[in-house]
Amino acid sequence: EFGKRPIACIKPQEIEIFKQTLLTMTSQYGKPLKPGSVRNILACLQQIISKALEWEMAPGVTNPIARLRVPGADRKRQKYLTHEEARELLRGLKELSPQMHDMAYIALYTGMRLGEVLALKADDIDFGSRTIHIQDGKTGSRTAYFPRRLETVLRERCMGCEPTSRHLFFTRKGTPIKTKVISCKFSQLVDKIGFNKDISDSLYKVTFHTLRHTFCSWLAMSGIPIQVVGALAGHKELEMTQRYAKLSSATKRNALDCLENILEETETEKGRHKEEAREE
């Protein structure tokens, strides 16, 4: 779109037209590009131009895409599973596809992204410390932690891993599995199990990413501090974790109840001291 033109010649109005064009385009799967996808494309363009300006390739030029906003791009996925829904989903997946069940099980109890699960190798797992070393994840390398309930599944996957690459999940030919393939297959299986019926808004549909969203939501509702939730999920910025803060309202109310009790005890103690002083 802009590859052969000097940055100084690109006007903000042209970026706006480009944005509108993207919003009317369809993806390779025949579906309209989502606002979030358009935002990512424009963010990439913004970063390219910013780097060029940082390198003084266009002195005195202002980034033409600095303040562009994409309507609807800030909408966040809302659906998370209840404990009963999670059990129902895992039961259904186990019957239809044991491999998909194991992928979903790992994602649900570690918060790992689909790409991170598919990239898992046997050597990445430390059963002694119950940790998983995630290499080259979306936010770089990090450490994930897994509960004891996952140990059996992970050990079985390690024993049956691909001999050469040591991947836990692989195709019949022994090659890595693509995220798009699993994402599409997961949606098909979820529909068979009975989820997403009569739901038109994609933000409320169960997708593979719902498992990660559920992981964070359960932690927040259990009273785990937001900073810890973000660290366990591998969020790069705390802002990404703040969306779960509203789910910890019960914990906040309990904190206020504790404060109220402390204040009442303090007032009672003061009253007792005053009464003792009068008696003396």
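Guide: Helix axes are here lines fitted to C-alpha atoms over the stretch in contact, and the angles between their N-to-C directions run from 0 to 180 degrees. The model under discussion is a predicted one.

Visitor: How are the axes of α4 and α6 oriented to each other: roughly parallel, roughly antiparallel, roughly perpendicular or oblique?

Guide: The two axes come within 10 Å, and they cross at roughly 130°. Angles over 145 degrees would count as roughly antiparallel and those from 65 to 115 as roughly perpendicular. The crossing is left-handed, and the orientation of α4 to α6 is therefore classed as oblique.

Visitor: Which element supplies the largest share of the largest nonpolar core?

Guide: This core has 43 residues, and Leu-89, Met-103, Ile-132, Leu-154, Phe-186 and Leu-211 are those with the most contacts inside it. Several elements each supply at least two of its residues, among them β2 (131-137), α6 (151-159) and α8 (208-221). The largest share, 8 residues, comes from α4.

Visitor: Is Lys-19 buried or exposed?

Guide: Lys-19 lies in helix α1, which spans residues 12-23, and the Lys-19 side chain is joined to that of Glu-16 by a polar contact of 2.8 Å. Because its relative accessibility is 5%, and the cut-off is under 20%, Lys-19 counts as buried.

Technical notes:
Residues are numbered from 1 along each chain as its sequence is written. This is a predicted model: local features need pLDDT of at least 70, side-chain atom pairs count only at pLDDT 80 or more; totals for chains, interfaces and linings use all residues. Side-chain values use heavy atoms; hydrogens and water are left out. A nonpolar core is a set of buried Ala, Val, Leu, Ile, Met, Phe, Trp, Tyr and Cys residues joined through side-chain atoms within 4.5 Å. Buried means under 20% relative accessible area, exposed over 50%, partly exposed in between (1.4 Å probe, protein chains only). Helices (H or I, at least four residues) and strands (E, at least two) are DSSP runs, numbered from the N terminus. A polar contact is a pair of N or O atoms within 3.5 Å; within protein, one must be able to donate a hydrogen and the other to accept it, and residues adjacent in sequence count only if both atoms are side-chain atoms. Angles under 35 degrees count as roughly parallel, over 145 as roughly antiparallel, 65 to 115 as roughly perpendicular and the rest as oblique. A crossing is left-handed if the near helix is turned anticlockwise from the far one by less than a right angle, and right-handed if clockwise.
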